[in-house]
Amino acid sequence: MDYSYLHNLELEDALKIYIDALKSAEAGLGTEEIPVKDSLGRITAEAVYARISSPHYNACAMDGIALCAKSTFGATETTPVVLEEHTDFIRVDTGDPLPDEFDAVVMIEDVIDSGDGKILLINAAVPWQHVRQIGEDICAGEIILTSNTQIRPAAIGAMLAGGVMRVKVKKKPVVGIIATGDELVSSSETPQKGQVIEFNSSIFSSMLLEWGAVPRVYKRVRDNLRDIKDAILNAAQECDMVIVNAGSSAGREDFSSRAISEVGNMLVHGIAIRPGKPAILGLIGNRPVIGIPGYPVSGIIVMDMVVKPVIEHLKGVAFCQEDKVKAILSRKILSSLKYREFVRVSLGYVNDRLIATPLNRGAGVVTSFVKADGILEIPTNSEGYERNTQVNVRLLKSENEIRNTVNIIGSHDPLIDIAADLMRIKYPGQYVSSSHVGSLGGIMAIKRSETHLAGIHLLDEETGEYNTSYIKKYLANEKIAVVKGVRRIQGLMVAPGNPKNIKSITDICGSGLRYVNRQKGSGTRILLDYMLKKGGITAGKIYGYEREEYTHMSVAALVAAGSADTGLGIYSAAKIYGLDFIPICEEQYDFIVPERHLELVTVRQFIDILRSSEFKNLLEKMGGYVVNDAGKIIG
């Protein structure tokens, strides 16, 4: 007998042909909206944004007393401060709202109770100590999950914390399983000679369930071409994918390839793998139909090597395994000697080195788990790790996903979230990881080869230009390209109606106004200091100058909640929170990238997103941006 196949393709080539055909046919899944609490393992159909800040009030982070920090200034062991309950402080428990008249919490362990309603303090408090400020975890309007992202347990908590109760997800792929063969009998029967118990469908169903699909097993079909064709057509109408088991070889009763060809389009018959060579890859309309050999081991191999990637394509995500890898720590981590500590880290391959960047370690910051790529364990009796130390990291995502991630460290702007979501839509196999450490922090990350790109907006006080002088100063020995970003408006964010009648920077000093600042090294902090210097204003005159936040959204969240009267930030953040905005200046926000990274696929794709009309249209809707040259590369 002449056993022949249409193809004997390498696995990678066969999958490329098939996935490209599925893309052209627009094979995909519908969407549905479900309760967040029931969304574990599902795939987001669109970006998920927080509806409220978390926490949505200034919360006491310790059991103790709430007070005004300034009432404790000067406290020492020899000159303790005496405070009276209800007048100078109140007692609070962890999670209690911080009263509006107070700005700090002192742990109960540091309070000396002298009786008669009075206490002694021998250490001064600092403003906002032991307080979980509004938006510490996430700010209303910030992105929680991008499109095509698998929902993990921490993400459910993050969504609920952000006030999201229902989420739009892709429907689970329904996969029809058709077993063919005259010899097959059910597992409830006692097989006679020439009969075989059909159990492949149970194996395949279990594998599909593990991959988040819904198996639908159809009645067994005899070796008859018409019956097989009818069964395939029926399943293709009811399911997102069809598996035809057995009959894929070239025997006299192997009808699967002919049946698929006659009711649809057979693209591949024969893959250069063993076992599993007779696999068939076809399409009926935009429904994938896969013929799998009848031998169980062959079937399992084809399921794992072919069906799984197809499901990944339909769902828009890659499945992950928790492996361990060695990575280089990007900054020093301190740890208590008393505890075995687990630190969430983001990971990225930069210059073929796997870099681990620690994320927010706060016990209440659930979103750090959503962003984490891995877990770094610090053992008991260790003080931590120095920067540049090689550490073991347990992966929460696949190493392939991490390799396909473009890393951005530097100044914060919501446009990075917009670009990240567009990238997940246009390039489902690619990812964006961003860390907000300020413009100077981004430059240092570039200098230390810890990131692919850095977002910066640094004003040169002498020339009035942005970014160029800082690149020359700190990266003189590097070949750096500038990827143009946007022109954006910086200004003071104030409550609706501007009840404090704030008109300019000079209005925020010495007037009892509560200011919230950005962190040292951020471009916005440098801009503020420049304007203060230009106006002859000292930082000490601004109440809240030392109160720092790491993003524009965090500043906006605090102003919107009434926890601060104003803060310097960008227009888009103010708009998201419905705040009034006093424009101060227009600035240039760019990305810098070592020229060698411009050859990386993920970097090129990110720049492609910046150049896209979709990106421009979304930023214009947000307001406060000029996007004319976004993505333009200047060497």
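Predicted model: local features only at pLDDT ≥ 70, side-chain atom pairs only at ≥ 80, totals over all residues.
**The six-strand sheet**

An open sheet is built from six strands in the order β16-β13-β17-β20-β19-β18, with mixed pairing. Its edges are β16 (214–217) and β18 (265–269); each has a single partner strand, so one side of each is left without a neighbour in the sheet. From one strand to the next, the twist averages 20 degrees.

Within this order, β13 (residues 174–179) pairs with β17 (residues 241–245) in the parallel sense. Five bridges connect β13 and β17, and Gly176 stands opposite Val242 in β17.

**Pairings of β35**

Strand β35 (residues 580–594) pairs antiparallel with β30 (residues 454–456) through three bridges. In this pairing, Ile456 stands opposite Asp590 in β35. Strand β31 (residues 480–494) also runs antiparallel to β35, joined by 13 bridges. Here Val494 stands opposite Asp580 in β35.

In general, strands of a sheet pair through backbone hydrogen bonds, in either the parallel or the antiparallel sense.

| Strand pair | Direction | Bridges |
|---|---|---|
| β13 (residues 174–179) and β17 (residues 241–245) | parallel | five bridges |
| β30 (residues 454–456) and β35 (residues 580–594) | antiparallel | three bridges |
| β31 (residues 480–494) and β35 | antiparallel | 13 bridges |

How values were computed
Residues numbered from 1 in each chain as written. Heavy atoms only, no water. Pairing = 2+ DSSP bridges. Helix = DSSP H or I, 4+ residues; strand = E, 2+ residues; numbered from the N terminus. Axes fitted to C-alpha atoms, helices over the stretch in contact; angles between N-to-C directions.
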